[in-house]
Amino acid sequence: MKIAILCNTAPLPSFPLTDIVWARVSRPEELALHRDADLYIDLDFVAEEERIALLEQLLPSPVLVHAVVPTLKEIGQPFIRINAWPGFLERSVHELVAPDEETAMRIGKLYERLEKRYRLVPDTPGMISGRIIAAVVNEAYHTLQEEVSTKEEIDTAMKLGTNYPYGPFEWSERIGLQQIDALLTELSKTADRYTPAAALKKAAKQAAKRGGMN
């Protein structure tokens, strides 16, 4: 099985299948050089017109894009959305959005070949896990700015109380505050409860000035 993948900042995904031939590229236009690929993955995806047009040329082959905030409706192409935030591809189940039933069936066959589990979720910003984690991180920043406790104590309490693998501030460091802020900002357009905490917005701006994603 051959997978052409655009992935400049992260390691290749881990699949139990051992006979995968990876074709790693650094630019979206290079994906088209691998017309024999069974699957195309863009883990550096941005919902920009030129990028979308390049990926459109790969259809009807399955095109998987890391798109936590933009929906397929907004993207305007029958790609497959995946939540590929740091650490999410290592989870036992991948979170995916399919554009239609035919593609959903193709995903099933594809993941069966990859020997990997997946879950189809609604085409909404953040999908399911992203929305939950972003909300938890946001509440942690509300708690921090109200001086209820420290980051370390909040992380410890959440891990002990909920059995999460990471505390909310640890999640924010792994995922990147700018990404969480972007998702919360989008979600807050339809639900005030997602409005980013002032402390989170401030930390995200500081991260942006440093040029990082944390």
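1. Met-127 counts as buried, at 2% relative accessibility (buried means under 20% relative accessible area, exposed over 50%, partly exposed in between, with a 1.4 Å probe and protein chains only). Met-127 sits in the loop between E7 and H4, and its phi is near 55 degrees, a positive value in a residue other than glycine. Most residues other than glycine have a negative phi, and most peptide bonds are trans.

2. On the basis of this note: the model is predicted, so local features need pLDDT of at least 70 and side-chain atom pairs count only at pLDDT 80 or more, while totals for chains, interfaces and linings use all residues. Residues are numbered from 1 along each chain as its sequence is written, and side-chain values use heavy atoms, with hydrogens and water left out.

3. Glu-115 also has a positive phi, of about 55 degrees, although it is not a glycine. Glu-115 is placed in the loop between helix H3 (101-114) and strand E7 (117-120). Glu-115 is partly exposed, with a relative accessible area of 49%.

4. The peptide bond from Leu-59 to Pro-60 is cis, with omega near 10 degrees. Pro-60 belongs to the loop between helix H1 (49-56) and strand E4 (63-66).

5. The protein has eight helices and seven strands (DSSP runs numbered from the N terminus: helices are H or I of at least four residues, strands E of at least two). Its C-alpha trace spans about 55 × 35 × 35 Å along the principal axes. Of the 214 residues, 46% count as buried.

6. The largest nonpolar core has 24 residues, of which Val-137, Tyr-141, Ile-175, Ile-180 and Leu-200 touch the most other members (such a core is a set of buried Ala, Val, Leu, Ile, Met, Phe, Trp, Tyr and Cys residues joined through side-chain atoms within 4.5 Å). Two or more residues of this core come from each of helix H4 (129-145), helix H6 (168-175), helix H7 (177-187) and helix H8 (198-210). Another core, of 20 residues, lies apart from it and includes Ala-23, Val-25, Val-97 and Val-121.

7. Which residues does Ile-180 contact, leaving aside its neighbours within four places in sequence? They are Ala-134, Val-137, Ser-172, Ile-175 and Leu-200 (contact means heavy atoms within 4.5 Å).
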